[in-house]
Amino acid sequence: MPFDIQTIVSIASYGGAGVCMGLGAIGAAMGVGYTGGLANQALSQKPEASGTIVKNMLIGQAIAESAAIFALVIAVLLIYLSPPVTNLLTASALGAAGLCMGFGAIGSGLGSGFPAGEVCLAIVRQPAISGRLTTNMLIGSAVCQTPAIFAMVVALMLMFLDVNNLSVNPTWAALLGAGLSTGLAAIGSGFGGGLAGGSSVSGIARQPETFGKVTTIMLVGQAVSQTPAIFGLLISFILMFKIFPETTSIAAPMALLGAGLCMGFGGIGPGVGNGFTAQSAVKWVARNVEASGILTRVMLVGQAVSQSTAIYAMVVSLVLIFVV
Amino acid sequence: METANQKEEVSRFQGRVCFWAMTCSLGLAFIFLFFHEKAIAKGIVLGACFSSINFFLMGKAIYMILGRSRAKANAMGFMSILLRYLILAVPLVVGLKYASFNFVAVVVGIFAVQIVTFVDHIIVRPTLGER
Amino acid sequence: MAIEGAELVKAAAFIGAGLAMGLGAIGPGVGEGFVGGKACEAIGRKPEEAGLLTRTMLVAQAVSESTGIYSLVVALLLLFVV
């Protein structure tokens with residue numbers, strides 16, 4: 001064999017670090033850019049309030065950037081933490097950790113840009129309640145960061161997993177699948193949560209007295225949008241901690257990799273879709289607060305139907321892991 | 001000058017956030033020192049220091065870029081992002097390389113600005129009222 | 001290690017099943033969410049028509065769901081029949 005194990009592990013960890021930081025910066029960059037764009041729009045409407053607008057823009061950008069800082073932490077760990085290498089599984093685990101954090105930061109960075117941008121416009125509309133708008137924006141952006149935190153948890157677990165006594169052949173694919181499952185599923189959830197947060201900030205700016213109701217329905221909508229990421233986390237945990245018997249076949253690892261990809265891609269769509277539903281529901285609760293009861297019910301029904309595809313993906317993943 | 005006033009306001013706000021980030025991290029560090037956890041205390045202060053520097057540069061970069069030509073603004077924006085991430089990577093590398101800094105504490109420390117902002121807007125202001 | 005043809009087919013079927021369901025879930029997920037959003041908007045404008053609008057929303061989502069079900073069927077065929 002031309003490469004020894006140490007070389008392959010080094011390639012995987014440096015490659016994983018590059019992918020992690022590269023992908024992880026995409027979402028934060030777009031989110032921060034969106035915030036900056038709306039802040040410019042707000043400045044052109046009311047140049048004399050530039051201090052308050054820039055202040056809120058900085059707060060929002062600092063929060064949107066934290067997804068990229070998570071990716072930075074994982075990338076630095078991948079580069080400088082050289083774990084003791086005993087078998088090839090370490091390479092797969094480190095590469096998977098990089099992929100997981102890289103993909104996982106995209107949605108959160110982009111999503112938390114929406115409330116951060118809307119708050120700049122909202123302050124121009126309602127300067128009197130700027131503190132309240134900032135609070136609402138911070139809550140919305142913080143919930144958007146949850147999928148990135150899930151991805152970071154899975155990445156850290158993959159890095160510090162004890163792989164010494166595991167079978168190499170199917171487990172390499174299981175670890176890769178575990179990374180991809182949470183990483184990809186987090187994209188949709190982060191983005192969807194951001195849509196709901198953004199419309200809640202602009203809704204409160206329109207009708208400040210609906211603050212409580214709008215914040216509540218935003219949190220409900222965002223919580224439902226997080227479900228695909230939680231499904232992804234579940235599949236990742238199963239893939240990481242189930243013991244797979246050693247085999248020489250190529251079908252078994254492909255089934256496990258397929259399970260990870262299935263849940264990962266399958267989580268993107270429902271996450272974004274739930275976000276769309278929550279966005280409209282939050283927007284119209286702010287405009288028509290008497291209909292908040294029926295709007296909440298319809299939102300939950302709509303989200304539940306949209307969630308069903310994520311459930312199909314989870315079922316197929318579980319079949320791939322446990323049945324075949 | 002109106003713009004100068006506005007710029008002053010943003011600077012004051014940044015200064016306040018950085019001041020509280022450093023104060024809270026130093027306070028936490030003293031608590032850990034009291035329990036003889038020197039590595040954790042040093043890690044938190046190191047992380048919070050660089051978090052504050054990053055946040056300070058973030059605001060300064062905006063006013064440096066304002067009013068430049070498009071190509072120059074693009075280049076400067078890219079450079080400022082690169083510089084800020086390199087600055088943030090420094091405490092992480094130090095935390096990993098030297099055993100006298102606790103790595104987990106450094107990671108908590110580099111989120112000091114975000115944590116202070118949250119606590120300020122979600123816990124302090126609703127209970128004490130707007131300042 | 002020689003890989004037999006039948007086993008290669010099995011491996012491709014598994015990963016194909018995963019991708020079929022995974023990628024197939026994106027479209028219906030986004031589409032149904034969009035329908036839900038528009039239904040919420042309509043109810044916000046006209047709360048008294050909520051019953052009719054909810055029913056319409058469910059019908060539209062069911063149509064959009066069918067592509068997700070095709071993906072599920074294809075994935076299960078790849079898993080158990082091939």
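Throughout this tour, buried means under 20% relative accessible area and exposed means over 50%, with partly exposed in between, using a 1.4 Å probe and the protein chains only. The structure is a predicted model, in which local features need pLDDT of at least 70 and side-chain atom pairs count only at pLDDT 80 or more, whereas totals for chains, interfaces and linings use all residues. Residues are numbered from 1 along each chain as its sequence is written, chains are lettered from A and ligands numbered from 1 in the order in which they are written, and side-chain values use heavy atoms, with hydrogens and water left out.

**First stop: Gly260(A)**

Select Gly260(A), which sits in helix α7 (residues 251-287) of chain A; helices (H or I, at least four residues) and strands (E, at least two) are DSSP runs, numbered from the N terminus. Gly260(A) is buried, because its relative accessible area is 0%. Setting aside residues up to four places away in sequence, Gly260(A) touches Gly177(A), Leu180(A), Ser181(A) and Leu239(A), where contact means heavy atoms within 4.5 Å. From here, go to Trp284(A), which is 24 residues from Gly260(A) in sequence and 37 Å from it in space, C-alpha to C-alpha.

**Second stop: Gln222(A)**

Now select Gln222(A), in helix α6 (residues 211-241) of chain A. Gln222(A) is also buried, at a relative accessible area of 0%, and, leaving aside neighbours within four places in sequence, it is in contact with Gly140(A), Val143(A), Cys144(A), Gly193(A), Ala196(A) and Gly197(A).

**Third stop: the nonpolar cores**

A nonpolar core is a set of buried Ala, Val, Leu, Ile, Met, Phe, Trp, Tyr and Cys residues joined through side-chain atoms within 4.5 Å. The largest has 92 residues, and those with the most contacts inside it are Ile74(A), Met101(A), Leu175(A), Leu239(A), Val316(A), Leu92(B) and Met21(C). Helix α2 (residues 50-80) of chain A gives the most to this core, with twelve residues. Apart from it lies another core, of 55 residues, which includes Ala286(A), Leu295(A), Val17(B) and Cys40(C). To look around one member of the largest core, select Met101(A), whose contacts beyond four places in sequence include Cys20(A), Phe70(A), Ile74(A), Ala148(A) and Met152(A).

Colour by chain next: of the two pairs of chains that touch, chains A and C have the most contacts, while chains B and C do not touch, their nearest C-alpha atoms being 29 Å apart. Among contacts in chain C between residues at least 6 apart in sequence, 77% join residues at least 24 apart, and 38% of its 82 residues count as buried. At Val81(C), in the segment after α2 (50-80) of chain C, the residue is exposed, with a relative accessible area of 62%.

**Last stop: His36(B)**

Finish in chain B with His36(B), in the loop between α1 (2-34) and α2 (38-65). His36(B) is not a glycine, yet it has a positive phi of about 60°, and at 72% relative accessibility it counts as exposed.
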